[in-house]
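Please consult the sequence and the model shown below while reading.

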Amino acid sequence: MFKRRLTLLAGLCTILATAPAAAQDGPPPEVRAAIDGVLAMLRASDDASLATFAADHLAPSYRTSFAGDALTRHLRSLRDAARGHLDGVGVERGDDDVLILMLGGEQGVKVRLALGDGGKVTRLELAQPVKAGPTEQPAPPKQISYPPATRADARPFHVRALFGVGSISLDSAMTLFDRQHFSAAYLKSTTPAERRALLGQVREAAAAAGNVRANEDASGVHIQLEGPGSPGVMVDFTMENATPFGIATLHLRAMGAADRPPAAPPLTWDGLAARLREAEAAGVAGQIYAHRAGQDATRTTFGIADRTSGARTTPNLIYCIGSTPIDFTMTAASLLIERGRLGLDESIAKYLPDVPADKAPMTIRMILEGRSGLPNFHHREGDADPDLTYIDRATALRRILTQPLLFAPGAQRQPSHSSFALLAAIIESVSGKSYPEFVRSEILKPLGMTRTGFYGESLGLADHEFAPGYGTRSQGTPNIPPKWGPVSWLVMGSGGMFSTLDDLRRYYDGMARGALFADHHPVNRLGSVVGGSDRGFIFTRTANGAGDEVYLLSNTEQGPATQALVESLMSLVPLRR
């Protein structure tokens, strides 16, 4: 196993802590559900999915307006038209309809839908093609995809898009930014060739980025993109001062020493209590467990967990744990390897169908060691939420296996959440169980992790037993994992779970004892693990194998105070080289 320090996509939203937590970022829920349903239907390949889509999303009066098999033929024609154009997706709102722009390829496709009561589709048809060539400058739409209402809303809108260009084609990125992100003045002052060259550089840097952080000062917004062995790249942009707050300037430059955050204040074990008081005074809430050379040092809660009721943090609160489930996926794979069900050096093509030739050399070992060559994520610009928009396993596999590789499998190391979704699918294929079922029966239950589960479920627990998240995005009231819907395969295997401090200790202590494995060989998880969510959660654990270990769980937005606490706690545990 490998040491890792991962920053989830939420890490780039540190800057965004001042945005209203409940600000709407995208269509209303019923519109979003209709859009997601249309896109899922267009990406599927079987007639059964057409029937399911019709039953779930079409208004009865619209369904019955088609005679015989005319509806099936109509939906097939839309699917055929969309094929090859689904790399990048945008949304426009017209006067009385919604337009879905599928921007992949040299010429994109536009699908028009009208919605009736309850978000049911009352009209669905192909609209005019969308030019997406490298030298085309499409006319700006009348109203762009539910534009941000405020300047604060616009920052995450642009930041996520700039980071997301690493997972779509350059043609799609060009069309998307011209339509939804660049201001009219910027389009007028630059040529298509200039914008294409700049977006190509941003796309290359974003695709290779393992750690992402953003901040804002008087000169604009600055996104830091860093990858292993890279000096880092800064993407600087400014926004116009009036709605829709489009990007007014955009520049790329090498990261310098002045761009890196200042070092966290030195922290000693004796100063830990005082450091937590400082964090609480700055508005941070959470709990930590720390022990030094095997001796308990601190187990404490601090801060206001629920700002509505004023309730303080309590020891049994449940938190979203970000990308920490990557460890569960690695453990699940290791169990199957030990049982002879999974071959460490076997190609993924042995376990999954239709693996393209460029991905066939990828082995289970390469995924576990971070050498898959896959991009970090597989969400698309058209997904309403990069974590919560529901896609099924087949859609996730199609996205992951058709993405261009960053490098040949095994050639380099680069974090990839997508690779663990791929591994989760392999675990299902080999075990005959769903990924959640396998994790529950083989990891959570044997270790006594009774308060650990998956998004969309409550385990029979009351809302107040979950810490509400205070971040830049909110989904449901209160903003807790049971309100976020079933786990999407955007994050299955690399996220989508919640837990408690004591349950996480049970897991890592169990790994150190080798509790789940027949030969009882310990699996030491050394180094720093960082998991986060832009819904306002963070989990960190740092251990060195010499008896020093620190855990932190927090439901506070990832602002400067939270980041400083995380970095100082990490520095408390000297890692062995």
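Leu225 has Val233 of β8 as its bridge partner. The model in which this pairing is found is a predicted one. Strand β7, residues 220–226, and β8 pair through five bridges in the antiparallel sense. Strand β8 also pairs with strand β9, residues 247–254, where seven bridges join the two in an antiparallel arrangement. Val233 takes part here too, with Ala254 of β9 as its bridge partner. Strand β8 spans residues 233–239, and six of its seven residues are buried, so the strand is largely enclosed by the rest of the structure.

Two packed helices are described by the angle between their axes and the distance between the axes. Two such pairs are set out below.

| Helix pair | Residues | Axis angle | Axis distance |
|---|---|---|---|
| α6 and α8 | 170–180 and 192–208 | roughly 115° | within 10 Å |
| α10 and α15 | 325–338 and 501–513 | about 35° | 12 Å |

The crossing of α6 with α8 is right-handed. On the α6 side the contact is formed by Leu170, Asp171, Ala173, Met174, Phe177 and Asp178, and on the α8 side by Pro192, Arg195, Arg196, Leu199, Gly200 and Arg203. By class, this contact of α6 with α8 comprises six nonpolar, one polar and five charged residues.

Helix α10, by contrast, passes α15 in a left-handed crossing. Asp327, Phe328 and Thr331 of α10 meet Leu504, Tyr507, Tyr508 and Met511 of α15. The contact of α10 with α15 has five nonpolar residues, one polar and one charged.

Leaving aside neighbours within four places in sequence, Phe328 is in contact with Ile321, Tyr435, Ile443, Met449, Met497, Leu504 and Tyr507. In soluble globular proteins, nonpolar side chains tend to be buried together. The largest nonpolar core here holds 67 residues, and those touching the most other members are Phe328, Ile348, Leu422 and Ile443. Helix α13, residues 417–431, gives the most to this core, contributing nine residues.

Methods:
Residues numbered from 1 in each chain as written. Predicted model: local features only at pLDDT ≥ 70, side-chain atom pairs only at ≥ 80, totals over all residues. Heavy atoms only, no water. Axes fitted to C-alpha atoms, helices over the stretch in contact; angles between N-to-C directions. Helix = DSSP H or I, 4+ residues; strand = E, 2+ residues; numbered from the N terminus. Left-handed = near helix turned anticlockwise from the far one by under 90°. Contact = heavy atoms within 4.5 Å. Nonpolar A, V, L, I, M, F, W, Y, C, P; charged D, E, K, R; others polar. Core = buried A, V, L, I, M, F, W, Y, C linked by side-chain atoms within 4.5 Å. Buried < 20%, exposed > 50% of the residue type's maximum accessible area, 1.4 Å probe, protein only. Pairing = 2+ DSSP bridges.
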